[in-house]
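Reader: Please walk me through this structure. I want to know what stands behind each label.

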Amino acid sequence: MSLAATAWADLATRPAERVNGRKAVWAAVIAVNFVGPAAWFRWGRRPAAAGR
């Protein structure tokens, strides 16, 4: 449960240009057991630009 809450908080505060795909879709994916939050942290986030 706390992993999902952390993933949703990260998604909510992350700019849309740093998300792979649509934020609404990732919000739904995160709701899927522990697989959703793990997928978010593995494939959903784009890294920050170098030098920032």
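Reader: Why is N33 called exposed?
Author: N33 has a relative accessible area of 64%. Exposed means over 50%, buried means under 20%, and partly exposed lies in between (1.4 Å probe, protein chains only). So N33 counts as exposed. This is a predicted model, in which local features need pLDDT of at least 70 and side-chain atom pairs count only at pLDDT 80 or more, while totals for chains, interfaces and linings use all residues. Residues are numbered from 1 along each chain as its sequence is written, and side-chain values use heavy atoms, with hydrogens and water left out.

Reader: Where does N33 sit, and what makes its phi worth a mention?
Author: N33 is in the loop between helix 2 and helix 3. Helices here are DSSP runs of H or I with at least four residues, numbered from the N terminus. The phi of N33 is positive, about 35 degrees, although N33 is not a glycine.

Reader: Are D10 and R14 buried or exposed?
Author: D10 has a relative accessible area of 17%, so D10 is buried. R14 stands at 10%, so R14 is buried as well.

Reader: How many salt bridges are there in the whole structure?
Author: A search finds two. D10 also pairs with R45, where the closest N and O atoms are 3.5 Å apart. D10 lies in helix 1 (residues 2–13) and R45 in the segment after helix 3 (35–44), so this bridge ties together parts that are 35 residues apart in sequence. R45 has a relative accessible area of 34%, so R45 is partly exposed. D10, R14 and R45 are linked in a network of salt bridges.

Reader: What else does D10 touch, and what does R14 touch?
Author: Contact means heavy atoms within 4.5 Å. Leaving out residues up to four places away in sequence, D10 touches W40, F41 and R45. With that same exclusion, R14 touches V19, K23, W40, R45 and R46. R14 is in the loop between helix 1 and helix 2. R14 and R46 are 32 residues apart in sequence, with their C-alpha atoms 9.7 Å apart in space.

Reader: How does the span of helix 1 compare with the expected one?
Author: Helix 1 has 12 residues and reaches 17 Å from its first C-alpha to its last. The expected span is 1.5 Å times one less than the number of residues.

Reader: Which residues of helix 1 are buried, and how do you know where they lie around the axis?
Author: A4, A7, D10 and L11 are buried. They cover an arc of only 125 degrees, taken from the directions from the helix axis to the C-beta atoms, so they are on the same side of helix 1. These buried residues pack against helix 2 (23–30) and helix 3. The face turned away from the buried side carries the exposed residues S2, A12 and T13.

Reader: What makes the buried residues of helix 3 line one face?
Author: The buried ones in helix 3 are G36, P37, A39, W40 and G44. Seen down the axis, they fall within an arc of 160 degrees, so they line one face of helix 3. Their cover includes helix 1 and helix 2.

Notes: Salt bridge = Lys/Arg side-chain N within 4 Å of Asp/Glu carboxyl O. Helix = DSSP H or I, 4+ residues; strand = E, 2+ residues; numbered from the N terminus.
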